[in-house]
Amino acid sequence: MVDISFNQLGGLCTLCFLEEVDNLINHNHLFKRSIILIKAWCYYESRILGAHHGLISTYALETLVLYIFHVFNNSFVGPLKFVSNFDWENFCVNLWGPVPVSSLPDVTAEPPRKDSGELLLNKVFLDACSSLYAVFPGGQDNQGQTFVSKHFNVIDPLRVSNNLGRSVSKGIFFKFILSS
């Protein structure tokens, strides 16, 4: 599948952000290769990828993969177990940790790790990427926009008011959880 876009600054900035992350992780482009593998599985095997059909958006999936790298960077034990065990009804996925749905529009996250393990991406790196690559619709800033909760809540690492899971229907959400 090929997606051709023009005049889409947000998509280009997202690509640059993910490229920065891939360069940071390195390991022969492990991050990019993981995304390709997981996208192929989601599209061809699970049939859960494609926001235009009410399925999971590519960027939401990439953000979930990034979250797993970010939190479990040195211990990839059961990342799919994370997806199936995550409390999707009560929390949103955010790179800084789970955000209670009940606290929205406040997106203060709980710590993503309960142990002393380090996260892959530090605050300086994420803040720099956000200031470089965040694009707001119509050139607006983030003020006045709030995160709208749905069945599948993934907070955009570059724009916290953007729910990357907004396209996912309730039926597809359950299919996603059961297939992981």
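Buried here means under 20% relative accessible area, exposed means over 50%, and partly exposed lies in between (1.4 Å probe, protein chains only). Keep that in mind as you look around this predicted model, where local features need pLDDT of at least 70, side-chain atom pairs count only at pLDDT 80 or more, and totals for chains, interfaces and linings use all residues. Residues are numbered from 1 along each chain as its sequence is written, and side-chain values use heavy atoms, with hydrogens and water left out.

**The whole chain**

Start with a cartoon view. Helices (H or I, at least four residues) and strands (E, at least two) are DSSP runs, numbered from the N terminus. Of the 180 residues, 40% count as buried.

Next, select E19 and K32. Their side chains meet in a salt bridge (2.7 Å, N to O), a term for a side-chain nitrogen of Lys or Arg within 4 Å of a carboxyl oxygen of Asp or Glu. E19 lies in helix α1 and K32 in helix α2 (residues 30-46), so the pair ties together parts that are 13 residues apart in sequence. E19 is partly exposed because its relative accessibility is 28%; K32, at 33%, is partly exposed as well.

D22 has 1% relative accessibility, so it counts as buried.

**Stop two: K123 and D127**

Move on to helix α5 (residues 123-133), which holds both K123 and D127, four residues apart, about one turn of the helix. The closest N and O atoms of this salt bridge are 2.8 Å apart. K123 is exposed at 53% relative accessibility, while D127 is partly exposed at 39%.

**Stop three: E62**

Select E62 in helix α3 (residues 58-71). Leaving aside neighbours within four places in sequence, E62 is in contact (heavy atoms within 4.5 Å) with L18, F31, I35 and K39.

**Last stop: I68**

Finish with I68, also found in helix α3. I68 counts as buried because its relative accessibility is 11%. From C-alpha to C-alpha, I68 and V83 are 9.3 Å apart in space and 15 residues apart in sequence.
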